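Please open the structure in your viewer and keep the selection panel at hand.

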Amino acid sequence: LAADHQSGEQLYVATIEGLYGSNDAGESWQLITEHTCTSLEIASDDGNIAYCATEGELLITTNGGGNWTQHREEFFGGENNVITVSPHDADVLIFGGRGVYISKDAGTSWTERNSGLGAGRLELQLDPVNNTYLYLLEQEVRGSQPLHISTDGGQSWELIDDDGMDLAFDAAGEIIYRQEHGALLRSQDGNQSWERLDLPLDLDLPLDAEFGAIAAHPKQSQTIYISYCRDYPPHIYFSKDGGDSWESAIGMESICDGRLYFDHDQGHVVYAIGDGDTFRSEDGGEIWQRCEERTGEWHSRSASRMVVDPWDSDRLILATRGGGILINREGCQSWEHSNTGLGNHFVNTVAIDHENPWIIYAGTDSGVYISFDSGETWGEASSGLLGALVVYSIVVDPEDPSNVYAATPYGVFKLEGR
């Protein structure tokens, strides 16, 4: 809903069916465009000038919705675009979506105002074979997740794939997996080239099936998993030949954005953590059972939303959106908050020191927090992040735990002191 700042007579309301307007303070309404506005603003000095941000373009009217001009820019392609008008200058627009952009001429031209590697969520992964290789996924680009690589411990970066989504490493360390529109992408030469494997037709999935994630078993080479959102059972499929053939998992009732986490012994115990659902498998992900007790929180959207204690596969540490940290000591059967010193922050990522698993890291929307007592208490450790308090992803090198990396909107940082 938006109202003009002068008389209050000109109103706009955005709905799923389209944008409605009123010029008599809401006494009567008419549909003025069928576009769905994700954000709506009125010029500070003229109620007839309005801006509607959609998933792909910016609509501008100068006559109260009688006519609209459509403006397209590459960065308008996000799903949650926001537009606002400066209260001091009606020609200054600020657009937020896949980054922040400013126009000083009422939307005719735009200037990027981003810092670092971008404004979308970033996910770090460490190469399991070579610990100087870091991979970074841009999570919020519509239709793809561009993949960057650093071969010098994060000092410099190179874009290596602009079309695929997600990332998983084979247990043998020789194969890398991604996916693209429901097909598997497989590289057997260190991401120099990719082959596309179509999923078998007997999966019987519609074209609009929402893909969850891809995962690789950490101990069994060529065993990989794909997941789909809650409307498309059986939700998880697995392959034991690197994606050439697939089987359906059993017992997965309903999950969306499911991510898999394996015990650190043989990987027989596997947890599937969705946006709110939790499941457990004791046979490597073929048969699943729902955890008896729901966490009661929305889980982080990050692929690194949970860690399994390297010394105890029944002990789990889970990041939540607005509920801080949840810890489970009974194999996902009973969850409890552990937020002393942390509070109910939006926690994006958790990471654990594999040599000293009582050391846990949490990346939040308010900086980095570290626990030295298995998550019982937390302390902030954001010094040196240059004010980049939003931390999307943290990884700890399992071979050398002194190598700790954090991805932020200002770039990737490495921890210098413990």
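In this predicted model, begin by selecting Thr-320 together with Gly-324, where a polar atom of the Thr-320 side chain lies 2.9 Å from the backbone oxygen of Gly-324. Thr-320 sits in the loop between β30 (316–319) and β31 (325–328), and because its relative accessible area is 0%, under the 20% cut-off, Thr-320 counts as buried. If residues up to four places away in sequence are left aside, Thr-320 touches Glu-297, Trp-298, His-299, Ser-300, Leu-326, His-345, Phe-346 and Val-347.

Turn next to the salt bridges, of which the count comes to 17. Select Asp-314 and Arg-280, whose side chains meet in a salt bridge at 3.0 Å, N to O. This pair links distant parts of the chain, 34 residues apart, with Asp-314 in the loop between β29 (306–308) and β30 and Arg-280 in strand β27 (residues 278–281). Asp-314 is partly exposed at 28% relative accessibility, whereas Arg-280, at 15%, is buried.

Then select Arg-186 and Glu-195, which form a salt bridge with the closest N and O atoms 3.0 Å apart; here Arg-186 is buried, with a relative accessible area of 9%, while Glu-195 is partly exposed at 30%.

For another pair, select Arg-329 and Glu-336, whose side chains meet in a salt bridge at 2.7 Å, N to O. Arg-329 is partly exposed at 37%, and Glu-336 is likewise partly exposed, at 42% relative accessibility.

Finally, which residues are linked in a network of salt bridges? Select Asp-166, Asp-257, Arg-259 and Arg-305 to display that network.

How values were computed
Residues numbered from 1 in each chain as written. Predicted model: local features only at pLDDT ≥ 70, side-chain atom pairs only at ≥ 80, totals over all residues. Heavy atoms only, no water. Helix = DSSP H or I, 4+ residues; strand = E, 2+ residues; numbered from the N terminus. Buried < 20%, exposed > 50% of the residue type's maximum accessible area, 1.4 Å probe, protein only. Polar contact = N/O pair within 3.5 Å; in protein donor to acceptor, adjacent residues only side chain to side chain. Contact = heavy atoms within 4.5 Å. Salt bridge = Lys/Arg side-chain N within 4 Å of Asp/Glu carboxyl O.
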